[in-house]
Amino acid sequence: MAGGKRAPEAVRTRFVEVAAEVLENAPLPGTRLYWAVLRVPGTFPEPVPGQFVMVSPNLARAAGQLLSRPFSIARCIPDGDGWKLGILYARVGKGTDLMARAGGGTWTVLGPLGRGFPTEHKGPALLVAGGRGTAPLVFLAEWLEARGRGCEFLIGARTAADWAGPAELGATLTRARVWPASEDGSRGHKGRVLELFQDVPELAEALARPGAAIHACGPHGLLAATSAMGAGFGVPVHASIEAHMACGTGICRSCMVPRDPRGPKPRPNQNQEYIVSCLEGPVVPGECVDWARDREASPLAAYVPPDQDGTLPTERAR
Amino acid sequence: MSLDLTVRIGTLTLRGPVLAASGTYGYGDEFGDRYALETLGGIVTKTVTLKPRAGNPPHRMVETPSGMLNSIGLENVGLKAFVKDKLPKLALVPTAIIASLGGETPGELVRLVRALEAAPCAGYEINYSCPNVAKGGARFWADARRLESTTRKLRGLTARPLIAKLTPNATDPAALARACEAGGADAVSLVNTFVGTAIDLERREFMLGRATGGLSGPAIKPLALAQVHEVSGAVRIPVVGMGGIMSATDALEFIVAGAACVQVGTASFARPDAPVRVALGIAEWCQAHGVTRVADLVRTVRVAGESKGGDAWT
């Protein structure tokens, strides 16, 4: 299947660490998601869609949080000599809980990091998002739009409360067509997002067109299914993967994702068994990942704030 | 006022008291020339083994309160690629490059030192303390007689500085340090990580792919400080202190506790220029406190109220 193709090599970006001013950081109305907009100065190199940043609110550092957290860049808007970066997140663990509580102020941002989505495909761009995996794909859709190109943007989620599209993140797109889906039917097609390729004739047709490419981001199960579907149709899948990551710069060797031995061959100087997701990804060809051995990221034990833990009766009734 | 930051380890004079710790700064060339690496005393490379190692299955890392657990498993490019691809690039790095060596047996360490004697590196740190491998890890090497005889073999092969990196997961770390000293080590470095684990309750799974890992970061600093103080009182060779150093203040605490110099590790994951920040901060603190030689600070900590240098352990 892979033929003579080679696995992607490590990308070392000219990343910088900057103090970013938080312009927005609040729940996204009607959802369980949060939206933050960070203003980074002109010393921050222009990112490409699919790249990520390591984010640490100063409040989190003051509270003793050791490591920054990786997030895909969801929007990148020129702002004077710098950029406004959009970050979409869910409050799933301790780090994101501190982000939600941090409100405004200054956050430390390290980036841009990693390998983004390839954009040289001439055929239809098919964007497949699951939940907050919509983030890097909104940036990609905006990037394509700015170059006169459209896309089919399929966005699935469990429920409407987990669903966000470009409009919800403030992106105005005229060339992208958004196809919503949700497992409970509260938003768009009821069912899984990949079913849209069967149910919607235009999408089935786009998938069959020469030069079509799928760009995907979302939970492990969606990426595995999308990669399998792409392989079945002979359509390349570029998946933005996720792993437990400490540094984002390639030195900690934490964020390894199992490599499919049947997939494109790594070079001799690369780890033969694992993909370094921060350097060789986060966007990698779907056929590079051994999805059966890949392990979904676990958030750290959901943090129960002491001031909100008032539901259990700890005192005897008198 | 001039400030002498140099530290002597065997035949080597380090230009400053801060090194980047093994496994936390790649091979030394990862950050190119973007940071002022000349402010560092050295960079200890990722541990190299005879053969390349792919490392442990995911997850390899989980953050814990004020720290992190890692289970990397000595992933490295192997001796051949280290000599051919990595070391030549490191010649351009403006600080001492100390190769960290890992072996499953004394014989493997002997082969590594022999192979590297002709290669351009300033010294060796022998990783006697990886907690994340099945063979040749911390448990295997936490044996004073084995440490002494192995260190003696290596001593016979090289005039370069030999630093023995020790595990904190031992009943008597001072005894292990004395064994290395008796075998001819020029310094001991400690602490490597403490064995720990984390659990995903909902899945009833260990978070780490290999169940346990090594704990590092600010969480272990008090444990590490106590071990550095104890061991520095037990040996005459320099102690290289580390364990949760995030700032110059942390580093200086290790120095007054007994460390001749320090290594910065986990902090580099949060900020890649952490070792440089620590090095600059130490110089600044010394200037502000009228200290002219960092060496004068080593093991100067006292028990409150006592005028003489105290030893909390005796």
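How many helices and strands are there in chain B? Chain B has 9 helices and 16 strands, where helices (H or I, at least four residues) and strands (E, at least two) are DSSP runs numbered from the N terminus. The model is a predicted one, in which local features need pLDDT of at least 70 and side-chain atom pairs count only at pLDDT 80 or more, while totals for chains, interfaces and linings use all residues. Residues are numbered from 1 along each chain as its sequence is written, and chains are lettered from A and ligands numbered from 1 in the order in which they are written.

As for overall build, chain B has a radius of gyration of 18 Å, close to the 20 Å that the globule rule gives for 314 residues, so chain B is as compact as a globular protein of that length. The radius is taken over C-alpha atoms, and the globule rule is 2.2 Å times the number of residues to the power 0.38. Taken along the principal axes, the box filled by the C-alpha atoms of chain B is roughly 50 × 50 × 45 Å. Of the 314 residues in chain B, 58% are buried; a residue counts as buried if 20 or more other C-beta atoms lie within 10 Å of its own, as exposed if 12 or fewer do, and as partly exposed in between, with C-beta atoms placed from the backbone. Take the contacts in chain B between residues at least 6 apart in sequence: 72% of them join residues at least 24 apart. Two residues are in contact if their C-beta atoms, placed from the backbone, lie within 7 Å.

Now for the sheets of chain B. Eight strands close up into a barrel in the order 3-4-7-8-9-10-15-16, with parallel pairing; two strands pair if DSSP finds at least two bridges between them. Axes here are lines fitted to C-alpha atoms, for helices over the stretch in contact, and angles run from 0 to 180 degrees between N-to-C directions. Helix 2 of chain B (residues 106–116) packs on the sheet, where it touches strand 7 (96–101) and strand 8 (123–127) of chain B, and its direction makes about 155° with that of strand 7 of chain B. Strand 10 (residues 187–190) and strand 15 (residues 239–241) of chain B pair in the parallel sense over 3 bridges, and B:Leu190 sits opposite B:Gly241 of strand 15.

Chain B also has an open sheet of 4 strands, ordered 5-6-14-11, with antiparallel pairing. Strand 5 and strand 11 (194–197) of chain B stand at the edges with a single partner strand each, so one side of each is left without a neighbour in the sheet. Inside the order, strand 6 and strand 14 (residues 212–216) of chain B pair in the antiparallel sense over 3 bridges, and B:Asn70 has B:Gly214 in strand 14 as its bridge partner.

Where the chains meet, chain B contributes 31 residues to the contact and chain A contributes 26 residues. On the side of chain B that touches chain A, the elements giving two or more residues are strand 5 (61–64), strand 6 (67–70), helix 1 (78–90) and helix 8 (267–270) of chain B. The residues on that side of chain B split into 15 nonpolar, 9 polar and 7 charged, with Ala, Val, Leu, Ile, Met, Phe, Trp, Tyr, Cys and Pro taken as nonpolar, Asp, Glu, Lys and Arg as charged, and the others, Gly among them, as polar.

Turning to chain A, there are 6 helices and 16 strands. The radius of gyration of chain A is 20 Å, close to the 20 Å from the globule rule for 318 residues, so chain A is as compact as a globular protein of that length. The C-alpha trace of chain A spans about 70 × 45 × 45 Å along its principal axes, and 51% of its 318 residues count as buried.

Strand 6 of chain A (residues 82–90) pairs in the antiparallel sense with strand 2 (residues 33–40) of chain A over 8 bridges, and A:Ala36 has A:Ile87 as its bridge partner. Strand 5 (residues 75–79) of chain A also runs antiparallel to strand 6, joined by 5 bridges, with A:Cys76 opposite A:Leu85. The hairpin of strands 5 and 6 of chain A has 2 residues between the strands, and in it A:Gly80 takes a positive phi near 60°.
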